[in-house]
Amino acid sequence: MEKFSTHTGIGVPLRRSNVDTDQIIPAVYLKRVTRTGFEDGLFSAWRNDESFILNQEPFSRGSVLVAGPDFGTGSSREHAVWALMDYGFRVVISARFADIFRGNSAKAGLVAAQVEQPDVELLWKLLENEPGTEVTVDLQEKTVQAKDLTVPFEIDDYIRWRLLEGLDDIGLTLRHEDAIDAFERSRPAHKPVTTA
Amino acid sequence: MGRTLAEKVWDQHLVRKGEGQEPDLLYIDLHLVHEVTSPQAFDGLRLAGRGVRRPDLTLATEDHNVPTLDVLAPIADPVSRTQVETLRKNCEEFGVRLYPMNHAEQGIVHVVGPQLGLTQPGTTVVCGDSHTSTHGAFGAMAFGIGTSEVEHVLATQTLPLKPFKTMAINVHSTDGRLRPGVTSKDVVLAIIAQIGTGGGQGYVLEYRGNVIENLSMEARMTICNMSIEAGARAGMIAPDETTFAYLKGRDHAPKGAEWDEAVAAWRELRTDDDAVFDAEVDIDADALTPFVTWGTNPGQGLPLGESVPDPEAIVDENERVAAEKALAYMGLEAGQPLRSIKVDTVFVGSCTNGRIEDLRAAAGILDGRQIAEDVRMLVVPGSMRVRFQAEEEGLDKVFTAAGAEWRSAGCSMCLGMNPDQLAPGERSASTSNRNFEGRQGKGGRTHLVSPLVAAATAVRGTLSSPEDLS
């Protein structure tokens, strides 16, 4: 995973709450067996509508999505994160994220920055009044800055550290393989196995 | 201070306590796998030269893509076929047991685990599917994970996780029963309407109270299944005699002395009297009537006797905008009685309501009746076992005599990854779990309902409950 410290890019105001993962990428796009190439599925139903924000310049070149609360609800599909990243997004800002989406983002290297709803409203107004405004997200300082507006964001400290360092989760866990071995030796005999 | 059920199961699976900001490392007892969220995980293993640490704690099935008609022919959609074939190759290469299409044990992953007796009290269960919360009905801690985590569990049989908060959902009624025509589906839809689609974020929900204690295992699974629709990581119900009776004798349930040992351990899996939940919610089940959704998220639901809400009356701006968009998408008018809404399709099935009791409930309504002329009804059993059981009981005959289609097992129209989809603008009453825009097919409109409401709706052609039938 690539290290993330700061990112600057065009902010995209998405004035919708409960953006579920079926909207981010519908199930028909999940049939692929590859890890990349999901950008065409991103918001595919909404992109049929000419007035949709990503169909407008300069928002189509955006890389910081500013969405309403409860972003990423629903299915566990990590394809939702991959689709956002394949399209070019590096950061999603929302007042509340669904837990699985938040976890998936952390694994794939997308920053899910939790910003208070009143600050999201300020960002929306700024980005709508001045389309093309660049937003800088500083993971070290945990701030979102656009023009003269700077607002703080929340992110789990451990996730932040992993993203800053660009560390592979499995590698980190395997440092504790002895503990896993020891735990396995102590498991009760009545626990089920799938093969018996 | 005492501990909650969730905290006890967590503690029993602690491989290593995290230091400082580090997450805990939790052991996973059962990893269920399907074709959609696993191919990139197996690829990751290959790239890193890693194997599957515990194939004997891993089980795969084909469910999301599989057709429910012409199941003996090769899958017509080449992309779906490739995904299913990829799972077969991966399971072969990594030594994972797979129940493929047409195998007697094939079915929706969350129906298969419990019916085999693999889902047991006090276990940790994960799957690359958000409805893994279903298994919490047994007092397991079960939650959905993304593909990176699937790879992590395949490689290490563990997951790094920060402890969840706990929320008690107390469901009570005077006599501990639900009113006639009210099911556990109505209970969970009412819970989600009350706490919202984000209400459970960061929490494990524990469903408690006299109503929950009197529910069958299948009804409990329906409730736990939809915990994720309230945003929760997992939903749990303390195991009791109902749980033990369900498990006894199942293929993978403990036998002999191990059974006694297991039951003794399972009896400890209860929230202590002096334990404190981080949050509590009370549901008055005496007041519950059949519930349906009117909008495009599972929290947008109301009792069937009410009318489509007026967005103007909603104070919160985000919710008002969401309601306006939902009504526009659903093609509904504020103030329209929910009972007046006409449907084109009725879907009975899914990991929420595709088990034998659900089919019996729907068949009970349809027996001796005909579905409305312009309604299409699909009945899709959750697994091949459910299908065989239903056929043994003659339920398939009841469905087909009523004019419904009797299909083979899979996820089907719940998410429309196979050919079972709504056409644009088509409206369904569905026993599944999500009414998101386009979930059942591009432009399709979904009303979430119980199996009883689904069957009554099929007969009348408009959203109905059994009491509407003469």
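Which residue of β4(A) stands opposite A:Ser94? Select A:Ser94 and look across to A:Gln114 in β4(A).

The model is predicted: local features need pLDDT of at least 70 and side-chain atom pairs count only at pLDDT 80 or more, while totals for chains, interfaces and linings use all residues. Residues are numbered from 1 along each chain as its sequence is written, chains are lettered from A and ligands numbered from 1 in the order in which they are written, and side-chain values use heavy atoms, with hydrogens and water left out.

**Stop 1: the sheet of chain A**

Select strand β3 (residues 91-94) of chain A together with β4(A); the two pair in the parallel sense over 4 bridges. Strands here are DSSP runs (E, at least two residues), helices are runs of H or I with at least four, and both are numbered from the N terminus. Two strands pair if DSSP finds at least two bridges between them.

Now extend the selection to the open sheet of 7 strands in chain A, with the order β4-β3-β2-β1-β5-β6-β7 and mixed pairing. β4 (111-114) and β7 (149-152) of chain A are at the edges with a single partner strand each, so one side of each has no neighbour in the sheet. From one strand to the next the twist averages 30°.

**Stop 2: the domains of chain B**

Colour chain B by domain: domain 1 is 5-161, domain 2 is 165-287 and domain 3 is 291-468. These bounds come from an automatic or database domain assignment. The centres of domain 1 and domain 3 of chain B, taken over C-alpha atoms, are separated by 28 Å. Between these domains, 25 residues of domain 1 of chain B contact 24 residues of domain 3 of chain B (contact means heavy atoms within 4.5 Å).

**Stop 3: α6 and α8 of chain B**

Select residues 184-195 (α6) and 217-225 (α8) of chain B, which pack at an angle of about 20° with axes 8 Å apart. Axes are lines fitted to C-alpha atoms, for helices over the stretch in contact, and angles run from 0 to 180 degrees between N-to-C directions. α6(B) and α8(B) are therefore roughly parallel (angles under 35 degrees; over 145 is roughly antiparallel, 65 to 115 roughly perpendicular and the rest oblique).

**Stop 4: α13 and α15 of chain B**

Select residues 356-366 (α13) and 395-402 (α15) of chain B, whose axes come within 9 Å and cross at roughly 45°. That makes α13(B) oblique to α15(B). Residues making the contact include B:Leu359 and B:Arg360 of α13(B) and B:Phe399 of α15(B).
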